[in-house]
Amino acid sequence: MVEFDEELHPQPVATPESIAIADEDRERLSRALESLPPRFREILVLRELEGCSYKEIAAITSIPIGTVMSSLSRARRQLCSALTSSGHKEAVREV
Amino acid sequence: MRCDFADSLLQGYFDGELSTASAAEFEHHLQHCVHCPVELVDMDLLSERLQLAQLYESAPASLRKKIRANLRPVVAATAMSQPRLWHWLAAAAALLLLVVAGWRVNSMLRTDDYQAELAEEIVDAHVLSLQSGHLTGISSNDEQVVKGWFKGRLKFAPPARDFANEGFALQGGRLDVVDERSVAVVVYTGTGHLINVFVWPTQGRDTSPQVGSRHGYQWVDWRKGRIEFCAVSDAPTSDLQQLHRLLTN
């Protein structure tokens with residue numbers, strides 16, 4: 001058996017800077033999610049964070065599977081655009 | 001830039017929800033489309049970002065396993081007999097939807113953008129009803145049967161009239177969700193095309209019909225007597241306008 005060589009495979013180290021960046025990204029994501037209509041937020045969270053299938057989401061939210069699909073599409077689009085817009089605002093603030 | 005034609009398939013493909021045949025069809029489309037591969041990469045990055053952000057504490061694996069085990073038999077059951085566990089999960093998901101989120105209801109003004117988004121959602125719902133084969137909750141050409149089916153399922157009574165003699169035969173009805181509210185859909189066939197008429201209550205005044213199209217589907221939207229109608233089909237707009245005249249007479 002070959003021993004694991006930490007020098008060859010260094011583990012990523014959390015630095016104060018990387019933690020601050022992660023916190024900032026989390027905050028930005030939270031704000032972007034918060035800006036979505038509740039129904040879209042619910043469906044997106046069930047899919048992306050809970051890993052529910054469309055069938056499960058349809059049953060939980062009592063909406064047809066077809067609507068789950070179209071809502072996910074719109075939710076993802078709106079989230080991307082909210083993140084882009086908040087990214088621009090952050091960049092302007094930093095300047 | 002997005003490829004509108006494949007938008008619905010794109011989501012299903014990304015989430016692994018397409019049938020083998022549909023996935024193969026979409027993969028064929030991917031070979032020629034310049035937008036979809038980019039969008040798939042963007043969706044993957046967004047998904048990864050959401051999962052890495054650790055937006056909330058997950059329940060312990062044992063608890064999640066227990067909840068899922070209880071959920072599975074329920075998915076097979078009808079939506080009408082959802083046990084409390086579903087509502088608990090929905091409530092939990094809603095709470096988890098970021099502790100930060102105070103529910104904010106934006107009162108949406110009826111702008112052109114809103115109208116366009118609404119029409120977009122309705123056309124998507126129309127297309128997806130064709131794809132998923134979920135056309136009718138009740139299949140009947142009997143006006144009273146269709147009206148009776150809607151009764152108790154909605155807080156309003158949608159008109160379900162048969163115009164077979166005028167070329168628009170009633171096929172039945174179903175429920176759908178548009179703009180986060182339950183709507184009735186009255187299904188017709190006319191001149192060889194399937195027509196979905198989405199119906200929901202409104203506070204707005206009567207309007208003359210507005211027309212539009214998306215992905216080769218035409219829609220006509222109007223309000224009358226505190227009810228809004230949106231007829232969608234791949235039939236010519238003139239057919240939908242004729243159905244509008246019949247429904248408003």
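Visitor: What pLDDT does chain A average?
Guide: This is a predicted model, in which local features need pLDDT of at least 70 and side-chain atom pairs count only at pLDDT 80 or more, while totals for chains, interfaces and linings use all residues. Residues are numbered from 1 along each chain as its sequence is written, and chains are lettered from A and ligands numbered from 1 in the order in which they are written. In chain A, 67% of the residues score at least 70 in pLDDT (the predictor's confidence in each residue, from 0 to 100), and the chain average is 78.

Visitor: Which element of chain A has the highest mean pLDDT?
Guide: Chain A has four helices and zero strands, where helices (H or I, at least four residues) and strands (E, at least two) are DSSP runs, numbered from the N terminus. Among these elements, helix α4 (residues 65-94) of chain A has the lowest mean pLDDT, 77, whereas the highest, 90, belongs to α2(A).

Visitor: Over which residues of chain B does pLDDT stay under 50, with 12 contacts beyond four places in sequence?
Guide: Chain B averages a pLDDT of 77, and 71% of its residues score at least 70. A stretch with pLDDT under 50 has 12 contacts in the model beyond four places in sequence, two residues being in contact if their C-beta atoms, placed from the backbone, lie within 7 Å. Where pLDDT is low, the predicted coordinates should not be read in detail. The stretch asked about is residues 78-88.

Visitor: How many contacts does the model have for residues 97-111 of chain B, beyond near neighbours in sequence?
Guide: Over residues 97-111 of chain B, too, the pLDDT is below 50. Beyond near neighbours in sequence, the number of contacts in the model for this stretch is 16.

Visitor: At what angle do helix α2 and helix α3 of chain A pack?
Guide: Two packed helices are described by the angle between their axes and the distance between the axes. Here the axes, which are lines fitted to C-alpha atoms over the stretch in contact, with angles running from 0 to 180 degrees between N-to-C directions, belong to helix α2 (residues 38-49) and helix α3 (residues 54-61) of chain A and lie 10 Å apart. That makes α2(A) oblique to α3(A), as angles under 35 degrees count as roughly parallel, over 145 as roughly antiparallel, 65 to 115 as roughly perpendicular and the rest as oblique. The angle is about 140°.

Visitor: Which residues of α3(A) make the contact with α2(A)?
Guide: By class, the contact of α2(A) with α3(A) has four nonpolar, one polar and two charged residues, where Ala, Val, Leu, Ile, Met, Phe, Trp, Tyr, Cys and Pro count as nonpolar, Asp, Glu, Lys and Arg as charged, and the others, Gly among them, as polar. From α2(A) come Glu42(A), Ile43(A), Leu46(A) and Arg47(A), and from α3(A) come Ile57(A), Ile60(A) and Thr61(A).

Visitor: Is Ala58(A) buried or exposed?
Guide: Ala58(A) lies in helix α3 of chain A, a helix that is mostly covered, with seven of its eight residues buried. A residue is buried if 20 or more other C-beta atoms, placed from the backbone, lie within 10 Å of its own, exposed if 12 or fewer, and partly exposed in between. With 20 C-beta neighbours inside 10 Å, Ala58(A) therefore counts as buried.

Visitor: What separates the C-alpha atoms of Ala58(A) and Val68(A)?
Guide: Not counting residues up to four places away in sequence, Ala58(A) touches Ile63(A), Pro64(A), Ile65(A) and Val68(A). Ala58(A) and Val68(A) are 10 residues apart along the chain, and their C-alpha atoms are separated by 6.4 Å.

Visitor: What is the phi of Ser62(A)?
Guide: Ser62(A) lies in the loop between α3 and α4 of chain A and is partly exposed, with 15 other C-beta atoms within 10 Å. Most residues other than glycine have a negative phi, and most peptide bonds are trans. Ser62(A), although a residue other than glycine, has a positive phi near 60°.

Visitor: In which loop of chain B is Thr191(B) found?
Guide: Thr191(B) has a positive phi of about 45° although it is not a glycine, and is partly exposed, with 13 other C-beta atoms within 10 Å. The loop is the one between β3 (181-190) and β4 (193-201).

Visitor: How far apart in space are Asp44(B) and Phe14(B), C-alpha to C-alpha?
Guide: Asp44(B) has its place in helix α3 (residues 36-52) of chain B and counts as exposed, with 11 C-beta neighbours inside 10 Å. Asp44(B) and Phe14(B) are 30 residues apart in sequence, and their C-alpha to C-alpha distance is 8.2 Å.
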